[in-house]
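Thanks for coming. I have one structure to go through today, so please take a look at it before I start.

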Amino acid sequence: MNTKKLIAGMLFVALCAVSQAQTSKSTSSDPDNLAKEYFSQIMGVASNAMANTKLYQFVYEWLGTPYRLGGDSKKGIDCSKFSLAVYENVFNTTIGYNSRNQYANVKPIRKNDLQPGDLVFFKIRSRQITHVGIYLGDDKFAHAASSRGVMISNLNEAYWKRYYYNGGRPSEINETILADAGADDEENNLH
């Protein structure tokens, strides 16, 4: 884990140096833009798709956490507890305690309409929802996989494409996610 932090720190410093050299003074002095660029590199999501830096920072801090059924700490966590932790810490709201309950508490969202922070649900070898993740943008999502712990995957990978069921957004979050996306669109149009 210390090696991961050291590498991440070195990448961050290098990214800051390169970013500062390549951008104008006003852009490079904006910490939000630097953070977006950094998380964009780590997570493979275009920086202009990153509406909520707090979301990406939270996910980054949990990457590599081992999977543990019923777990809810950095010693081990399962998929639904991970999505619950994201919503409690990033969006200040509580969603259900398991993937099926979480799905019951969201407004279904078509795959093409997913926004960063939306939930993505899967039916893996079952008629019921068995897995949940957090959509990050550019078809990437963060989740606690039973094989590798908290990680980032692509919805277009054959495995995830096969078992994808639907996206969802809690109604109280609906306005927040869309407002953040709209604010970013306005900001991008100014540059």
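I will go from the whole chain to the core, then to one helix pair, and end with a few loop residues.

What you see is a predicted model, so keep that in mind throughout. The protein chain has eight helices and eight strands. Of its 191 residues, 46% are buried. As for contacts with a separation of 6 or more, 51% of them join residues 24 or more positions apart.

In soluble globular proteins, nonpolar side chains tend to be buried together. Here the largest nonpolar core has 28 residues, and the members that touch the most others are Leu55, Phe82, Val86 and Leu119. Which helices and strands each supply at least two residues of this core? They are the helices α4, residues 53–62, and α5, residues 79–90, together with the strands β4, 119–122, β5, 131–137, and β6, 140–145. The most comes from α5, which gives seven residues. There is another core apart from this one, with 11 residues, including Ile109, Val120, Ile124 and Tyr135.

Leaving out residues up to four places away in sequence, Leu119 touches, among others, Ser83, Tyr87, Ile95, Val106, Leu114, Val132 and Ile134. Asn166, Gly167 and Gly168 are also among the residues Leu119 touches.

Next, α4. Is this helix largely enclosed or largely open? Seven of the 10 residues of α4 are buried, so the helix is largely enclosed by the rest of the structure. The buried ones are Thr53, Leu55, Tyr56, Phe58, Val59, Tyr60 and Trp62. Just after α4 comes Gly64, with a positive phi of about 90°.

How does α4 sit against α5? The two helices pack at an angle of about 140°, and their axes are 10 Å apart. An angle over 145 degrees would count as roughly antiparallel; α4 and α5 are therefore oblique to each other. The crossing of α4 past α5 is right-handed. On the α4 side the contact involves Lys54, Leu55, Phe58, Val59 and Trp62, and on the α5 side Phe82, Ala85, Val86, Asn89 and Val90. Sorted by class, that contact has eight nonpolar residues, one polar and one charged.

Last, the loops. Most residues other than glycine have a negative phi. Asn92 is not a glycine, yet has a positive phi of about 55°. Asn92 is in the loop between α5 and α6, the latter being residues 99–104. With 73% relative accessibility, Asn92 counts as exposed. Arg125 also has a positive phi, near 50°, and is a residue other than glycine. Arg125 lies in the loop between β4 and β5, and its relative accessible area of 64% makes it exposed.

Back in the loop between α5 and α6 we also find Gly96. Is Gly96 buried or exposed? Its relative accessibility is 4%, so Gly96 counts as buried. Beyond four places in sequence, Gly96 touches Leu84, Asn101, Gln102 and Asn105. Gly96 and Val106 are 10 residues apart in sequence, and their C-alpha atoms are 9.7 Å apart in space.

Definitions and conventions. Residues are numbered from 1 along each chain as its sequence is written. This is a predicted model: local features need pLDDT of at least 70, side-chain atom pairs count only at pLDDT 80 or more; totals for chains, interfaces and linings use all residues. Side-chain values use heavy atoms; hydrogens and water are left out. A nonpolar core is a set of buried Ala, Val, Leu, Ile, Met, Phe, Trp, Tyr and Cys residues joined through side-chain atoms within 4.5 Å. Buried means under 20% relative accessible area, exposed over 50%, partly exposed in between (1.4 Å probe, protein chains only). Helices (H or I, at least four residues) and strands (E, at least two) are DSSP runs, numbered from the N terminus. Contact means heavy atoms within 4.5 Å. Axes are lines fitted to C-alpha atoms, for helices over the stretch in contact, and angles run from 0 to 180 degrees between N-to-C directions. Angles under 35 degrees count as roughly parallel, over 145 as roughly antiparallel, 65 to 115 as roughly perpendicular and the rest as oblique. A crossing is left-handed if the near helix is turned anticlockwise from the far one by less than a right angle, and right-handed if clockwise. Ala, Val, Leu, Ile, Met, Phe, Trp, Tyr, Cys and Pro count as nonpolar, Asp, Glu, Lys and Arg as charged, and the others, Gly among them, as polar.
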